[in-house]
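Visitor: Could you take me through one part of this fold in close-up? I'd like the cut-offs spelled out as you go.

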Amino acid sequence: MAQTYKMKIAGLERELPLCPLNEKLDIAAFVMFSDVELTIASAQELLKKCPDFDVILTAESKGIPLGYEMARQSGKPYVVARKSAKLYMSDPIAVKVKSITTSAEQTLYLSAEKAAMIRGKRVLLADDVISTGESLIALEKLVEAAGGEIAAKTAVLAEGDAADRTDIIFLEKLPLFFK
């Protein structure tokens with residue numbers, strides 16, 4: 001039977017499966033996909049903690065349910081930074097990122113049309129988990145390149161040392177599991 005880590009998130013209890021990152025470290029897998037109850041509750045609790053903003057930016061793909069739900073509840077638009085340039089994207093902005101949960105370096109893209117939604121706006125960054133902060137840095141660079149201003153950086157969970165950061169808003173701390 002797989003090991004799990006039980007925690008309370010936005011008032012809801014969940015068991016997260018432990019996954020080996022390497023021979024010395026396991027991480028608890030937090031995936032909001034398909035968990036509508038948790039997505040709604042997390043968005044609601046995060047929005048209570050957020051300053052005023054104009055638009056939400058999240059990264060494809062695990063941040064999409066949260067970004068959408070925060071947009072729905074707040075009535076503000078949201079933008080998704082894509083992991084590949086699409087044919088419909090005109091003049092995309094590109095930023096490289098290396099995430100702890102992805103084996104290879106990735107690139108995030110923002111089309112000129114989506115960049116225009118951010119230009120001159122207060123942007124709320126939304127993600128499921130902040131761990132190393134690399135994905136967050138990529139989103140910040142996209143906002144800067146698009147001419148926006150960061151209103152706040154948010155996540156449902158802050159993993160490991162990220163929980164000690166004072167520049168992010170999050171709901172719960174997620175420990176690392178050293179072997």
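In what order do the 4 strands of the open sheet stand, and is their pairing parallel or antiparallel?

Guide: Quick housekeeping: this is a predicted model, with local features needing pLDDT of at least 70 and side-chain atom pairs counting only at pLDDT 80 or more, while totals for chains, interfaces and linings use all residues. Residues are numbered from 1 along each chain as its sequence is written, and side-chain values use heavy atoms, leaving out hydrogens and water.

The order is β1-β2-β3-β11, and the pairing is antiparallel. Strands here are DSSP E runs of at least two residues and helices are H or I runs of at least four, numbered from the N terminus; two strands pair if DSSP finds at least two bridges between them. At the edges you'll find β1 (4-9) and β11 (177-178), each with a single partner strand, so one side of each has no neighbour in the sheet. For β11, the antiparallel pairing with β3 (residues 25-28) runs over 2 bridges, and Leu-25 sits opposite Phe-178 of β11. Helix α1 packs on this sheet, touching β1 and β2 (12-22), and its direction makes about 100° with that of β2. Such angles run from 0 to 180 degrees between N-to-C directions, using lines fitted to C-alpha atoms, for helices over the stretch in contact. Contact, by the way, means heavy atoms within 4.5 Å.

α1 (36-49) also meets helix α2: the buried residues of α2 pack against α1, β4 (55-59), β5 (78-81), β8 and β9 (149-159). Those buried residues of α2 (residues 64-74) are Pro-65, Leu-66, Gly-67, Glu-69, Met-70 and Ala-71; buried means under 20% relative accessible area, exposed over 50%, partly exposed in between (1.4 Å probe, protein chains only). After α2 comes Gly-75, with a positive phi near 75°.

Over in β8 (residues 122-130) lies Asp-128. With a relative accessible area of 5%, Asp-128 counts as buried. Beyond its neighbours within four places in sequence, Asp-128 is in contact with residues including Leu-66, Phe-30 and Met-32. The Asp-128 side chain also makes a polar contact with that of Lys-62 (3.4 Å). A polar contact is a pair of N or O atoms within 3.5 Å; within protein, one must be able to donate a hydrogen and the other to accept it, and residues adjacent in sequence count only if both atoms are side-chain atoms.

Another aspartate, Asp-54, sits in the loop between α1 and β4. At 22% relative accessibility, Asp-54 is partly exposed, and the side chain of Asp-54 makes a polar contact with the side chain of Arg-122 at 2.7 Å.
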